[in-house]
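Dear colleague,

I am passing on the structure that we spoke about, and below it you will find my notes. Please read them with the model open beside you.

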Amino acid sequence: MPAPSDALAILDAYDRLVALCRDVAPPGTVEEAAAIGRDVRRRLGYLGDSLVVALAGGTGSGKTSLLNAIAGREVAPVSPRRPTTERPVAWLPADPEPGIVRLLDDLGITDRVGEGHRGWLTVVDLPDLDSFVTEHALQVDALLSRIDAVVWVFDPEKYQDARIHLDYLASLVGDQHRFVFVLNQVDRLTTDEVEAVAADLRASLRVAGFVEPPIVLTAADPELGDPEGIDTLVAELETRWEAKTLVWRHATTVLRRSARALAAAAGADRGTGFGHRWQGTLADAAEHLATACLDPGRVGDWWRGVEEIQELVAAVAGEVGGEAGEELAAVDVAAEVRRCVAEVGVAPIPSKAATVTRWLRVVVASAALAVGLGVGGGVGWAVVGAVAVVGVWVVGPVVRSWDRRRIRDRMEERRAEVEARLRRRLDQEIGRRVRDVLRRRGSALAAFTEFELVLTRSETAGSPPPDRPVRI
Ligand SMILES: Nc1nc2c(ncn2[C@@H]2O[C@H](COP(=O)(O)OP(=O)(O)O)[C@@H](O)[C@H]2O)c(=O)[nH]1
Ligand SMILES: [Mg+2]
């Protein structure tokens with residue numbers, strides 16, 4: 001059976017992505033994505049031949065009347081004036097598939113009316129759109145995104161108000177495959193008016209981004225005669241929405257949307273080229289820091305070194321964004337640098353004169369003493385002294401320049417060693433931290449790519465929806 005294994009591969013790839021995003025995306029976003037994965041898994045686990053369809057729309061558009069008309073009896077009370085449906089009410093078949101009952105449980109829809117009909121359709125009468133757009137937006141938003149399909153009900157009288165909802169509908173345009181639109185209360189209009197209003201509704205929906213929106217005309221509770229258009233509506237739902245196909249398509253849409261949001265929150269969709277930039281910054285910063293360490297007077301070099309690293313870390317944090325970016329932005333670079341320098345343990349280079357030059361001074365002093373002694377009596381001492389003075393006079397500059405070169409070489413060696421130690425330490429402390437975050441984010445990116453790949457492969461292969469419940 002190829003289809004369930006497609007479904008499992010997609011779900012597994014999704015779960016892997018969520019797991020790998022745990023360290024790099026904000027916890028709330030990860031939890032939300034995990035919950036979406038669980039919901040989808042459960043819905044596919046209940047997969048059968050039934051659908052749960054919600055009726056959504058403004059107060060008084062006729063949602064409850066429509067439910068009663070579909071049921072053929074009064075399932076819930078209707079009201080001409082104020083909203084009467086405060087909690088969602090489900091009308092379900094006499095012998096519903098177990099999956100449908102579990103789905104209603106999951107959705108928290110406890111008001112249920114069982115009916116004598118045998119069928120594939122469960123209808124949920126939602127609280128009014130007007131109230132949920134303002135008050136219960138989140139609750140109903142969540143419900144709408146988890147329910148299999150939605151019938152949006154408009155009425156001609158409050159049609160201008162209903163237009164307000166078009167903005168809201170436009171935000172759901174990605175879900176249009178599971179929407180059908182109803183223009184109710186058509187008995188209140190002349191035939192010409194019905195056509196005009198329906199055309200206007202269609203045009204508005206198209207502007208909002210809906211392609212060929214299916215619109216059914218009904219009179220759920222006409223002032224005279226029987227309800228109209230109800231059979232057409234049910235037939236439209238039945239032909240349009242084959243249960244497994246619709247549920248499966250909804251599942252993949254929801255997973256893809258969530259995976260993209262998660263990858264973006266993890267900052268997994270942007271590159272940084274950190275490795276290359278870090279090498280350059282590390283070399284410059286270590287040079288400045290070594291200068292400051294070896295010569296405590298050069299405080300400016302200290303700050304330049306710190307700033308160089310700070311700037312790179314902040315730039316990468318900005319490019320990465322999301323939780324990973326915040327983690328990087330929170331690194332206290334100055335404190336880290338101070339710690340690294342302390343660990344490297346650099347003592348300033350002593351400024352005392354070089355050993356050879358010092359010895360030369362001793363020789364000059366001794367020679368001067370010898371000359372003095374010679375002048376005082378011993379010619380031999382004077383000669384020795386004079387020779388020594390001349391010798392020193394000739395040899396001195398050579399020795400001093402040799403000595404200076406030796407000191408310079410030693411200082412350079414020392415500086416190079418300090419720089420190398422600083423580079424190593426800074427790389428271990430700061431570079432590794434950044435690489436760590438980037439690596440975790442990279443794993444999330446790989447998981448995201450894998451998820452998209454598995455999903456797209458299944459879609460392009462035209463795999464049918466799962467033909468039996470997916471193992472949860
Ligand atoms: N004339 C007419 N009135 C209707 C129709 N459908 C509903 N109504 C009336 O509109 C009012 C509100 O209906 P209701 O089903 O409670 O709307 P809801 O708030 O969307 O659930 C009630 O008085 C209904 O009798 C219809 O098709 N034609
Ligand atoms: Mg109602």
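Which residues of H2 are buried? Residues are numbered from 1 along each chain as its sequence is written, while chains are lettered from A and ligands numbered from 1 in the order in which they are written. This is a predicted model, in which local features need pLDDT of at least 70 and side-chain atom pairs count only at pLDDT 80 or more, whereas totals for chains, interfaces and linings use all residues.

The buried residues of H2 are Val30, Ala33, Ile36, Gly37, Val40, Arg41, Arg43 and Leu44, where buried means that 20 or more other C-beta atoms, placed from the backbone, lie within 10 Å of a residue's own, exposed means 12 or fewer, and partly exposed is in between. They lie on the same side of H2, because they cover an arc of only 165 degrees around the axis, the arc being that of the directions from the helix axis to the C-beta atoms. The face turned away from this buried side carries the exposed residues Pro27 and Gly28. Helix H2 (residues 27–45) has 19 residues and should span 27 Å at 1.5 Å a residue, which agrees with the 26 Å between its end C-alpha atoms; the expected span is 1.5 Å times one less than the number of residues.

Looking at the whole chain, there are 16 helices and 7 strands, which are DSSP runs numbered from the N terminus (helices H or I, at least four residues; strands E, at least two). Of the 472 residues, 36% count as buried.

As for confidence, the mean pLDDT (the predictor's confidence in each residue, from 0 to 100) is 84, and 88% of the residues reach 70 or more. Where pLDDT is low, the predicted coordinates should not be read in detail.

Gln185, in the loop between strand S6 (179–183) and helix H8 (191–207), has a positive phi of about 65 degrees although it is not a glycine, and Gln185 counts as buried because it has 26 C-beta neighbours inside 10 Å. Glu212, in the loop between H8 and S7, also has a positive phi, of about 45 degrees, but Glu212 counts as exposed, with 9 C-beta neighbours inside 10 Å.
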